[in-house]
Amino acid sequence: MADVDATRGTGPAPRPDALRAAENGAFDDQHPPRADLVSDCVHCGFCLTTCPTYVLWGEEMDSPRGRIHLIAQGLEGEPLSESMVGHFDNCLGCMACVTACPSGVRYDRLIEDTRAQVERRHPRGARDRALRAAIFAVFPYPRRLRLLRGPLWAYQRSGLQRLVARTGLLDRLAPTLATLDSLAPRLRGVPRPPRRVAARGARRAVVGMLTGCVQSAFFPEVNSATVRILAAEGCEVLIPSGQGCCGALSVHNGRRAEAEGFARRLIDTFERTGMDWFVVNAAGCGSSLKEYGELLADDPAYAARAAAFAAKVRDLAELLVELGPVAERHPLPITVAYHDACHLGHAQGVRAQPRALLRGIPGLEVREIAEAEICCGSAGVWNVLNPEPAAELGDRKAAAVLDTGAALLVTANPGCLMQVAAAVRRRGGEIALAHTAQVLDASLRNLGADVLTDRRG
């Protein structure tokens, strides 16, 4: 792993005495957070105003530099205390600090390696263990998630969801269930895309496509729009069945071995397709897929294959801008507020491309959101594990979104769509929501703006 990261972070290798201390302290020798990356932090404080938990609480140990200080203590031999773990768990992993840092500190590597240590070495309480076990028994498995569609559809259509919301019982008796209930999107019936879709007109590229877990189960219309766009722009689209999870949720929560297994399976599924590019329409997934080379660097059977695979990964907006438009854009007279999903803007640095796609649609006006760098509070499953602070961040984001006066909120991540929709409902506000792919698809198909303003979570 040190060799893989060498191009991204410079500095002396970790001292042998620091590694010996790590073995007896907070961390073992399986990918401990690197001492040279810790030493890159000069504690300047540029990260503070962009860190969601520091913005909420003003607590130094719940800032990036504070957590880096705790990591340094762990490397020096301090035990992995309950308090230390609490501050690590509080991190959303939004990577706004990586964008803000003038020293180029690889906080993303540090927190990811630290979380893997926590998951292996820290005994959690029974309730926390049970909740995490339930989450990771369902969320990374598309088929299991799809089994929930029927009961959820009946719950929504019967009026029972509205009745439960009025009573407030879930909020009092089962806050976690109340959070899941508030996040659940309104389901729409959409056929699954075929395994192969031919390019329209001259073929410009062959692309594999990730269907995802939450995306395929609860936002299948986004996948359908993505396929239509790619085909219209001259791409042959390959969607093998049984592709499974990419491992993003697991790796972001310290479940490294689980993430490695998902990554190997996805590589096995797609590398024989002959694809030129691998397209992703969910920000968190794309961020992890681009790091497969680092994730599997220690696996001699997969290291080179993972690096080659990662080099082909592109976010949908990223690839479309690289290829350039060929399909005609029809007018959409609508104002949109564009929300940067953290793992697209901060982790992948993809900010200009989605805006360029939106501004390329005649009649469409893009409005910027205040405090764009602050996370909406979704952060994978952070909002399920930490419902109260997540709701505070969601409310803050919803207020900023509604202040734009836009008719439509656009973003590129299913978690953000669910989180902001729930917060807007709590505030009694009203705004339509859509994925970037849905907006571009509506323009290419000349459907008009009404098809988008009907999407209200």
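The model is predicted: local features require pLDDT of at least 70 and side-chain atom pairs count only at pLDDT 80 or more, whereas totals for chains, interfaces and linings use all residues. Residues are numbered from 1 along each chain as its sequence is written, and side-chain values use heavy atoms, with hydrogens and water left out.

Buried residues make up 58% of the 457 residues in the protein chain, where buried denotes under 20% relative accessible area, exposed over 50% and partly exposed in between (1.4 Å probe, protein chains only). The protein chain comprises 29 helices and nine strands; these are DSSP runs numbered from the N terminus, with helices (H or I) of at least four residues and strands (E) of at least two. The radius of gyration is 22 Å, close to the 23 Å given by the globule rule for 457 residues, so the protein chain is as compact as a globular protein of that length. The radius is taken over C-alpha atoms, and the globule rule is 2.2 Å times the number of residues to the power 0.38. Along its principal axes, the C-alpha trace spans about 65 × 55 × 40 Å. Of the contacts (heavy atoms within 4.5 Å) with a separation of 6 or more, 78% are accounted for by residues 24 or more positions apart.

Charged side chains number 54 positive and 51 negative, and the centres of the two sets lie 8 Å apart. Lys and Arg count as positive and Asp and Glu as negative, without His and the chain ends; the place of a charge is NZ of Lys, CZ of Arg, CG of Asp or CD of Glu.

Five strands form an open sheet with mixed pairing in the order E1-E3-E2-E4-E5. Strand E1 (196–197) and strand E5 (313–315) are the edge strands, each pairing on one side only; two strands pair if DSSP finds at least two bridges between them. Strand E2 (residues 205–209) is largely enclosed by the rest of the structure, because five of its five residues are buried. Ala 205, Val 207 and Met 209 are buried on one face of E2, and Val 206 and Gly 208 are buried on the other. E2 pairs with strand E3 (residues 235–238) in the parallel sense over four bridges, and the bridge partner of Gly 208 in E3 is Leu 238. E2 also runs parallel to E4, to which three bridges join it; here Val 207 has Trp 277 as its bridge partner. Strand E4 (residues 277–280) is in turn joined to E5 by three bridges, again in parallel, with Phe 278 bridged to Val 313 of E5.

Two individual residues were examined further. Phe 262, in helix H18 (residues 256–270), is buried with a relative accessible area of 11%. Beyond residues up to four places away in sequence, Phe 262 touches Pro 140, Tyr 141, Cys 245, Cys 246, Gly 247, Ser 250 and Tyr 292. The C-alpha atoms of Phe 262 and Cys 245 are separated by 6.0 Å, although the two residues are 17 residues apart along the chain. Arg 124 is placed in the loop between helix H8 (107–121) and helix H9 (126–138) and counts as buried at 10% relative accessibility. Apart from neighbours within four places in sequence, the contacts of Arg 124 include Val 85, Asp 89, Glu 119 and Arg 132.
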